[in-house]
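Student: Could we go through this one together, taking the helices, the sheets and the ligand in turn?
Tutor: Gladly; have the structure open beside you.

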Amino acid sequence: MAQAIPATISGQPVLILKEGTSRAQGREAQRSNITAAKIIAEAVRSSLGPKGMDKMLVSSFGDATVTNDGAVILKEMDVQHPVAKMMVEISKAQDDEMGDGTTSAVVLAGELLTKAEDLIEKDVHPTVIVEGYRKATEKALEVLNSLAIKADPKDRAMLKKVAVVSQAGKVLRENADFVADLAVDAVMQVAEQTAEGYKVEIKDINVLKKAGESITDTKLVQGVILDKEVVHPGMPKRVENAKIALLNAAVEVEKTEFDAKINIQTPEQMKAFLDEEESILRGMVDKVSQVGANVLVCQKGIDDVAQHFLAKKGILAVRRAKESDMEALSKATGGKIVTNIDDLKPTDLGSAKLAEERKVADDKMTFIEGCKNPKSVSMLVRGGTERIVDEAERSLHDALCVVRDVIRDPRIVVGGGAVEVELAAQLKRWAEKLTGREQLAALAFAEALESIPLALAENAGLDPIDILVEMRASHEKGEKWVGVDVMEGKVKDMTKLDVYEPLAVKEQMLKSAGEAASMILKIDDIIAAGKLKEEGRPPKMPGEEGEEKTSEFD
Ligand SMILES: Nc1ncnc2c1ncn2[C@@H]1O[C@H](COP(=O)(O)OP(=O)(O)OP(=O)(O)O)[C@@H](O)[C@H]1O
Ligand SMILES: [Mg+2]
């Protein structure tokens, strides 16, 4: 186990590190790190693929999350070991970059480390393994590119196929078709063609969730859904042909920044003062109405008196809208966000077919919909319970991401383990030409890729070895699209089952797994600071972790 600092000079210990510091070096450090990484990979492995199981994660507050998403599982696990944390980071990186393939990346990284451990046992130095893995990753990326199939970013049917595959194995897989359609519609709507291809930002698809009804009641709105009600009961709740003013300023009488005192002596003076305030507010409302707006969305507050005037003019108003919603509204309606009400011009107004307040579950929401070719859309996710809605949102996120990935880089590969087995076969042939121990590492990399089809088969209750042997034989014969048909329990040409995935997801999987494995392998010394002493600390608040909050008055 970890040892204390051993340095001594003529019998006198030389203290270099603080008391309580532990240290592990060489093989011991590597072994401990690899074990931690393997445990993490093992934890998510059973959730890979269409037949993967789901996980229930219970937080310290007792909240349960049921999910199949690798990134979410690892995030919720709240691991302690630093290397385990690095594995969690891979899944996060994969999730941020591509949105899918998080489980695969972690499984592959775990397998790369398992194979590395065997090599270390055989006296192959970790630097040699790292170098071999680096070369193999490069070669794998090259082969992967040659295996990619060109897709058309406007081909709805193809985009949908990729979206359906991303739903395989999710808790709500029965709704894959429905979710895929929604995702394709949404992403195609916000995609913008540029000289270098399509540009798509997932944040232009605003996803809101509300428990109630069922997943199939999830709706895509060509515009924006504001989680806000109309401010005044006297205002219209429905405005057709909406002309929308977007205001980032308060419809209130500004308070002075310094303290001012006004001496009012007579009731007339008081009345004059109030009248003046009222007339300022009236002026503001008149301005909104003069430019032709019948809907006002305000990022700041709206004074009660102004609300009353707006209602009298028949203007539907919403206040304290989120900044992100204001930006979305601007993109969707073509309106301009104005920061000074006096600058408002008719050309600043956005337009939508309908602005309407609707009751959704127990809340009131304002829908601004029917925008013409909006570059920002919204989705209201529904589902029986809070937990279902949460998972539906996560599944939808995966679908949106893969469609975006394909539109951005219209190349796809064949899933179901087919591409991994083909990569492994070609890499093995390539590795034969390498010399020395690097070859062993490159071969190990190739074999590690087979962990994906192995896990797919295992999770489907099949004999993983039999399936892999059959797959290898088919690939040897040049049938490069043969993968695991988890439904029928045999090997099959995956193009017949429409199992396609974005090339970008697989590329990222190779890169992040390779990088993580190398980073972990290069560590040969772990110096861990001792735990902070508990004495002298105030008692912890329930739920409070490690860090303490210091009071302002300290
Ligand atoms: N119908 C299918 N038949 C066989 N394999 C499939 C099928 N659909 C998907 N797969 C495979 O399942 C794997 C993806 O599984 P899954 O979605 O559970 O994990 P992930 O994409 O790596 O991670 P996550 O979705 O959690 O981010 C891919 O290898 C994919 O090719
Ligand atoms: Mg997936």
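Student: At roughly what angle do the axes of helix α3 and helix α4 cross?
Tutor: Bearing in mind that this is a predicted model, the axes of α3 (residues 82-97) and α4 (residues 102-121) cross at roughly 145° and come within 8 Å. The crossing in which α3 passes α4 is right-handed.

Student: And which residues make the contact?
Tutor: From α3 the contact is made by Met 87, Ile 90, Ser 91, Gln 94 and Asp 95, while α4 contributes Thr 102, Ala 105, Val 106, Ala 109 and Gly 110. Sorted by class, the contact of α3 with α4 has 5 nonpolar, 4 polar and 1 charged residues.

Student: OK, on to the ligand. Which residues come nearest to ligand 1?
Tutor: There are 25 residues around ligand 1, and of these Asp 100, Thr 102, Ser 104, Gly 416 and Glu 501 come nearest. Thr 102 is also one of the α4 residues in the contact with α3.

Student: How far is the side chain of Thr 102 from an oxygen atom of ligand 1?
Tutor: An N or O atom in the Thr 102 side chain is 2.6 Å from an oxygen atom of the ligand, and for the side chain of Ser 104 the corresponding distance to a ligand 1 oxygen atom is 2.5 Å. Gly 101 takes part through its backbone, with an N or O atom there lying 3.1 Å from an oxygen atom of ligand 1.

Student: Glu 501 was on that list, so where does Glu 501 stand in the strands?
Tutor: Glu 501 is in β22, where Val 413 stands opposite Glu 501. Strand β19 (residues 411-414) pairs with β22 in the antiparallel sense over 3 bridges, within an open, antiparallel sheet of 3 strands ordered β6-β19-β22.

Student: Why is one side of β6 left without a neighbour?
Tutor: β6 (149-150) stands at an edge of the sheet and has a single partner strand, so one of its sides has no neighbour there, and β22 (500-502) is an edge strand in the same way. Helix α16 (residues 503-521) lies across β19 and β22, and runs at about 65° to β22.

Student: What about the sheet with β18, what is its strand order?
Tutor: That open sheet has 3 strands in the order β9-β18-β10, with mixed pairing. Its edges are β9 (205-211) and β10 (219-221), each with a single partner strand, so each has one side without a neighbour in the sheet. The twist averages 20° from one strand to the next.

Student: How many bridges join β10 to β18?
Tutor: The antiparallel strands β10 and β18 (residues 377-383) are joined by 3 bridges, and Val 221 stands opposite Ser 378 in β18. Helix α11 (residues 386-408) packs on this sheet, touching β9 and β18, and its direction makes about 160° with that of β9.

Methods: Residues are numbered from 1 along each chain as its sequence is written. Chains are lettered from A and ligands numbered from 1 in the order in which they are written. This is a predicted model: local features need pLDDT of at least 70, side-chain atom pairs count only at pLDDT 80 or more; totals for chains, interfaces and linings use all residues. Side-chain values use heavy atoms; hydrogens and water are left out. Axes are lines fitted to C-alpha atoms, for helices over the stretch in contact, and angles run from 0 to 180 degrees between N-to-C directions. Helices (H or I, at least four residues) and strands (E, at least two) are DSSP runs, numbered from the N terminus. A crossing is left-handed if the near helix is turned anticlockwise from the far one by less than a right angle, and right-handed if clockwise. Contact means heavy atoms within 4.5 Å. Ala, Val, Leu, Ile, Met, Phe, Trp, Tyr, Cys and Pro count as nonpolar, Asp, Glu, Lys and Arg as charged, and the others, Gly among them, as polar. Two strands pair if DSSP finds at least two bridges between them. A residue is near a molecule or strand if one of its heavy atoms lies within 4 Å of it. A polar contact is a pair of N or O atoms within 3.5 Å; within protein, one must be able to donate a hydrogen and the other to accept it, and residues adjacent in sequence count only if both atoms are side-chain atoms.
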